[in-house]
Amino acid sequence: MRMTTTPSPSSHPTRIAAPEGVAPSAHYSHVVWGTGRFVAVSGQCALDERGEVVGEGDPAAQARQVFENLRRCLAAAGATFDDVVKLTYFVTDVAFLPAVREARDAVIAADRLPASSAVQVSALVRPELLVEIEAFAVIAA
């Protein structure tokens, strides 16, 4: 069992990049757990504070806005990206995943990658949206 980080002082998440017998991934940790208060952040899309789409047709711009919205939601619960244990990506085209990873890597250190799932969907709540991401975090109780 290979661990990729030490527990953080706030939520003590433990990350296992690849349990024995499971192929490692450079893009996520296979297992993450922690103790404390569970925080669930609903799927965030590329909407600004007025509800207007940011970056129509641009998956990179949308991904950056989504991570900014996630940051704000986490902060409202007293959490940061260091506390995130799971991200779920919903994209209308899997070709957008490199742009999503780039936006993620700008806010989450490579040694603190959460568990992740990516799903291609036929559509999101509005036709101009390309990316939606939900987050789960664990923070000190």
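Predicted model: local features only at pLDDT ≥ 70, side-chain atom pairs only at ≥ 80, totals over all residues.
Reader: Let's start with the helices. At what angle do helix 1 and helix 2 pack?

Author: Helix 1 and helix 2, the latter covering residues 97-105, pack at an angle of about 40 degrees, and their axes are 8 Å apart. The crossing in which helix 1 passes helix 2 is right-handed.

Reader: And which residues make the contact?

Author: On the side of helix 1 the contact is made by Pro59, Ala60, Ala63, Arg64 and Phe67, while helix 2 contributes Ala99, Val100, Ala103 and Arg104. Sorted by class, this contact of helix 1 with helix 2 has seven nonpolar residues, two charged ones and no polar ones.

Reader: Switching to rings, how many aromatic pairs are there?

Author: The count comes to two aromatic pairs. One of them is formed by Phe67 and Phe81, with 6.0 Å from centre to centre and 50 degrees between the planes, and this pair is tilted.

Reader: Why does that one count as tilted?

Author: Planes under 30 degrees apart would be stacked and those over 60 would be edge-to-face, so the 50 degrees between the planes of Phe67 and Phe81 make the pair tilted.

Reader: Where do Phe67 and Phe81 sit in the chain?

Author: Phe67 belongs to helix 1, which runs over residues 59-76, whereas Phe81 is in the loop between helix 1 and strand 5 (84-91), so that the pair links distant parts of the chain, 14 residues apart.

Reader: Buried or exposed, those two?

Author: Phe67 and Phe81 are both buried.

Reader: OK, what about Asn69, where is that?

Author: Asn69 has its place in helix 1, and because its relative accessibility is 8%, Asn69 counts as buried.

Reader: What does the side chain of Asn69 have a polar atom 2.8 Å from?

Author: A polar atom of the Asn69 side chain lies 2.8 Å from the backbone oxygen of Cys45. If neighbours within four places in sequence are left aside, the residues in contact with Asn69 are Gln44, Cys45 and Leu47.

Reader: Why is Arg112 called buried?

Author: Arg112 has a relative accessible area of 11%, and buried means under 20%, so Arg112 is buried.

Reader: Moving to the strands, where does Phe136 lie?

Author: Phe136 lies in strand 7, which spans residues 131-139, and because its relative accessibility is 25%, Phe136 counts as partly exposed.

Reader: What is Phe136 in contact with?

Author: Leaving aside neighbours within four places in sequence, Phe136 is in contact with Phe38, Val39, Ala40, Asp83, Val84, Val85 and Lys86. The C-alpha atoms of Phe136 and Leu87 are separated by 6.5 Å, although these residues are 49 residues apart along the chain.

Note on methods. Residues numbered from 1 in each chain as written. Heavy atoms only, no water. Phe/Tyr/Trp six-rings, centres within 6.5 Å; stacked < 30°, edge-to-face > 60°. Helix = DSSP H or I, 4+ residues; strand = E, 2+ residues; numbered from the N terminus. Buried < 20%, exposed > 50% of the residue type's maximum accessible area, 1.4 Å probe, protein only. Polar contact = N/O pair within 3.5 Å; in protein donor to acceptor, adjacent residues only side chain to side chain. Contact = heavy atoms within 4.5 Å. Axes fitted to C-alpha atoms, helices over the stretch in contact; angles between N-to-C directions. Left-handed = near helix turned anticlockwise from the far one by under 90°. Nonpolar A, V, L, I, M, F, W, Y, C, P; charged D, E, K, R; others polar.
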